[in-house]
Amino acid sequence: MAAESLKVAAEESKVCESCFVETQGQIGIEDALSPTQIQAADVVILTNDIGIKNEERFKGKPVLRVHAGDLINKSPIIIEKLAQKLA
């Protein structure tokens, strides 16, 4: 649910050219981000509800850590604040 909320908020905000979302959970990693996608990212959003596998891939990127519940309930606000910081 957090991934879907983030995707919808990014699309509706019109501030993101693209939003790539990788999920990690009990069934493992789904939609793994490619090195090219990671390199092109302006920011990486990680949930702090679970341990992130292969987190070293994001070294050197700005990282925002949030609870999955906040992504579900506040994705539009999160996207807008990130856009303001990156502008």
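This is a predicted model: local features need pLDDT of at least 70, side-chain atom pairs count only at pLDDT 80 or more; totals for chains, interfaces and linings use all residues.
A helix here means a DSSP run of H or I at least four residues long, numbered from the N terminus.

Let me take the whole chain. There are three helices and four strands. In sequence order, the pattern reads α-β-β-α-β-β-α. For 87 residues, a compact globule would have a radius of gyration near 12 Å, and this chain has 12 Å, so the two agree. The C-alpha trace spans about 30 × 25 × 20 Å along its principal axes. Of the contacts with a separation of 6 or more, 40% are between residues 24 or more positions apart.

Now the surface. The chain exposes about 6100 Å², and carbon and sulfur atoms supply 52% of that area. Buried residues make up 26% of the 87. On charge, I have 10 positive and 13 negative side chains, with the centres of the two sets 6 Å apart.

Back to helix H3, which covers residues 68–86. Is serine 75 buried or exposed? Its relative accessible area is 1%, and buried means under 20%, so serine 75 counts as buried. Which residues does serine 75 touch, leaving out those up to four places away in sequence? They are Ser5, Leu6, Ala9 and Asp70.

Lysine 74 is in helix H3 as well. Its relative accessible area is 40%, so lysine 74 is partly exposed, because that class lies between the 20% and 50% cut-offs.

Two backbone angles are left. Aspartate 31 is not a glycine, yet its phi is positive, about 55°. Where is aspartate 31 found? It is in the loop between strand S2, residues 28–30, and helix H2, residues 35–40. At 56% relative accessibility, aspartate 31 counts as exposed, since the cut-off for exposed is over 50%.

The other one is asparagine 54, also a residue other than glycine, with a positive phi near 60°. Asparagine 54 is in the loop between strand S3, residues 44–47, and strand S4, residues 63–66. With a relative accessible area of 38%, asparagine 54 is partly exposed.

That is what I have on this chain.

Technical notes
Residues are numbered from 1 along each chain as its sequence is written. Side-chain values use heavy atoms; hydrogens and water are left out. Buried means under 20% relative accessible area, exposed over 50%, partly exposed in between (1.4 Å probe, protein chains only). The radius of gyration is taken over C-alpha atoms; the globule rule is 2.2 Å times the number of residues to the power 0.38. Contact means heavy atoms within 4.5 Å. Accessible areas come from the Shrake-Rupley method with a 1.4 Å probe; for residues, only the protein chains shown count as cover. Lys and Arg count as positive and Asp and Glu as negative; His and the chain ends are not counted. The place of a charge is taken as NZ of Lys, CZ of Arg, CG of Asp or CD of Glu.
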